[in-house]
Amino acid sequence: MHLLACPRCCGGVAVSGPQVITCVACGTHYPQLAGIPWLYREPALVLGEWRNRLRLYLDDFATEERLIERDLSAAAPAPATSRRLRRLAAAYREQRVAIAQLLQPLDFSTRATDGAMMKAFAVTVPRRQDLHSYYTNLHRDWCWGDEENDLALTAVARWLPRQDGCRLLVLGAGGCRLAYDLHEAGLAAQTVALDINPLLLLAARQVMDGTAVGLYEFPIAPRRPEECAVLRNLAAPRPVRTGFSFVFGDAFDAPFAAGSFDAVLTPWLLDIVDREVDDLVRQVNRLLRPGGSWINHGSVTFIGRRPADRYGLDELLDRIPALGFSRPEHDELEMPYMRSPASRHGRVEQVVTFACQKLTSAPCVPSPPLPAWLLDPRVAVPAGAGFETAGLASRIQAFVLALIDGRRTAGELAATLVEQQLLDPESAMAAVRGLLHRLYDEQLRPPPS
Ligand SMILES: C[S@@+](CC[C@H](N)C(=O)[O-])C[C@H]1O[C@@H](n2cnc3c(N)ncnc32)[C@H](O)[C@@H]1O
């Protein structure tokens with residue numbers, strides 16, 4: 001609690017009620033889910049989004065199960081195919097129950113998950129980080145064996161400061177195995193694991209408390225037929241020792257007081273964020289005490305939105321001193337990555353680990369605030385902001401779909417658009433076919449793996 005700060009104003013926070021934390025400066029209330037602080041700048045908005053993602057996730061599995069039942073009854077598949085489908089259907093059913101149970105702390109309801117409503121709203125939730133993004137990391141962390149985890153531990157441990165009472169923050173901790181291993185190795189007295197994804201942290205917390213979690217793995221390329229769905233028992237070698245805590249939050253608005261940590265680790269995070277890498281580096285700088293260490297571990301395949309942000313290794317190492325750090329020292333190691341024992345698929349990565357020290361403070365750029373009309377249900381939503389175009393697009397789509405009566409052809413649908421002077425004949429035909437094709441494809445959307 002003493003390390004935490006309000007993600008909005010950086011004020012101190014205090015427990016103000018059962019499962020509630022309040023900022024002593026701006027008065028914002030933040031929930032705790034299963035005892036883990038939920039410290040997003042807009043806690044209610046973000047909670048609603050994750051609940052929607054969860055509903056969508058569960059719905060995807062239910063849809064896939066229905067498609068399997070349809071295939072089984074309609075197509076009379078070969079015995080091996082039939083076995084695989086039955087196995088998958090059973091796995092999807094059990095996985096839905098297991099995930100819903102694990103994410104109970106989100107206090108979500110599955111009411112109103114009418115298919116049309118889901119399609120109209122849930123899919124428009126920003127999908128930057130989805131519930132099942134990095135889900136497989138849980139299996140790698142807690143049941144595939146030691147190889148990848150040990151390599152990561154060795155690669156990172158040598159760069160951590162050897163300091164009594166070291167306070168370590170792991171940003172984007174995911175399934176938390178690396179954070180756990182570093183903590184268990186005695187390299188930190190206090191370790192805080194922060195991640196944006198509640199599924200990963202809730203599963204990791206349960207595993208690290210000493211309660212195994214049963215979840216299915218759906219390998220990309222199963223080695224054997226029965227490995228299309230593998231029930232995994234995620235378990236830690238032993239319950240984590242004291243001094244380890246979890247926080248739900250966004251690394252770009254990390255909810256900790258400035259200078260709270262002796263070391264900050266960003267494992268496989270820098271390369272996947274879709275905001276400016278520099279902003280994250282500035283945030284790391286803010287979180288470290290003067291002289292504290294930043295250790296980065298992972299790939300150098302940046303996916304930033306701006307081309308200029310997709311740094312190569314040398315560019316990145318050159319850039320970091322301008323953000324208040326010493327020039328990083330680094331090493332590289334070819335490592336297996338996400339190689340499931342049940343899958344023919346796996347990666348080999350040239351993994352880079354670097355470390356540097358905070359020399360000066362770099363001014364941190366706060367996330368741009370969301371508009372009032374998004375945050376406050378009483379504030380009018382402004383016309384403009386692209387809504388007219390989106391509205392018109394939905395109306396045109398609704399107009400075309402309403403014409404579908406079981407008799408009209410795609411050509412006739414296109415002709416109506418031409419009659420209404422909405423499109424010329426060639427574009428109308430392409431547009432109608434494109435729309436029908438997309439909707440047809442969506443019916444076959446595969447479930448999250
Ligand atoms: C590639 S995974 C790496 C996970 C873990 N560090 C590992 O090495 O297995 C990236 C992780 O960053 C998390 N993440 C992505 N964006 C984030 C953000 N803005 N703040 C905090 N965590 C984030 C994801 O949920 C995911 O767990």
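Let's start with aspartate 195, whose side chain places a polar atom 2.6 Å from an oxygen atom of the ligand. Asparagine 137 also takes part: an N or O atom in its side chain is 3.1 Å from a ligand oxygen atom. Proline 267 uses its backbone instead, with a polar atom 2.9 Å from a nitrogen atom of the ligand. Taken alone, the ligand exposes 590 Å², and the protein buries 97% of that (accessible areas by the Shrake-Rupley method with a 1.4 Å probe; for residues, only the protein chains shown count as cover).

This is a predicted model, in which local features need pLDDT of at least 70 and side-chain atom pairs pLDDT 80 or more, while totals for chains, interfaces and linings use all residues. Residues are numbered from 1 along each chain as its sequence is written, and side-chain values use heavy atoms, without hydrogens or water.

## The shell around the ligand

The ligand is surrounded by 20 residues (a heavy atom within 4 Å). The closest are Arg140, Gly172, Asp195, Asp250 and Ala251. By type, the shell holds eleven nonpolar, six polar and three charged residues (Ala, Val, Leu, Ile, Met, Phe, Trp, Tyr, Cys and Pro are nonpolar; Asp, Glu, Lys and Arg charged; the others, including Gly, polar).

Helix α4 (136–142) and strand β6 (190–195) each contribute at least two shell residues (DSSP runs numbered from the N terminus: helices H or I of at least four residues, strands E of at least two).

## Leucine 375

Leucine 375 sits in helix α10, residues 372–375. Leucine 375 is partly exposed, at 33% relative accessible area (buried is under 20%, exposed over 50%, partly exposed in between; 1.4 Å probe, protein chains only).

Methods:
A polar contact is a pair of N or O atoms within 3.5 Å; within protein, one must be able to donate a hydrogen and the other to accept it, and residues adjacent in sequence count only if both atoms are side-chain atoms.
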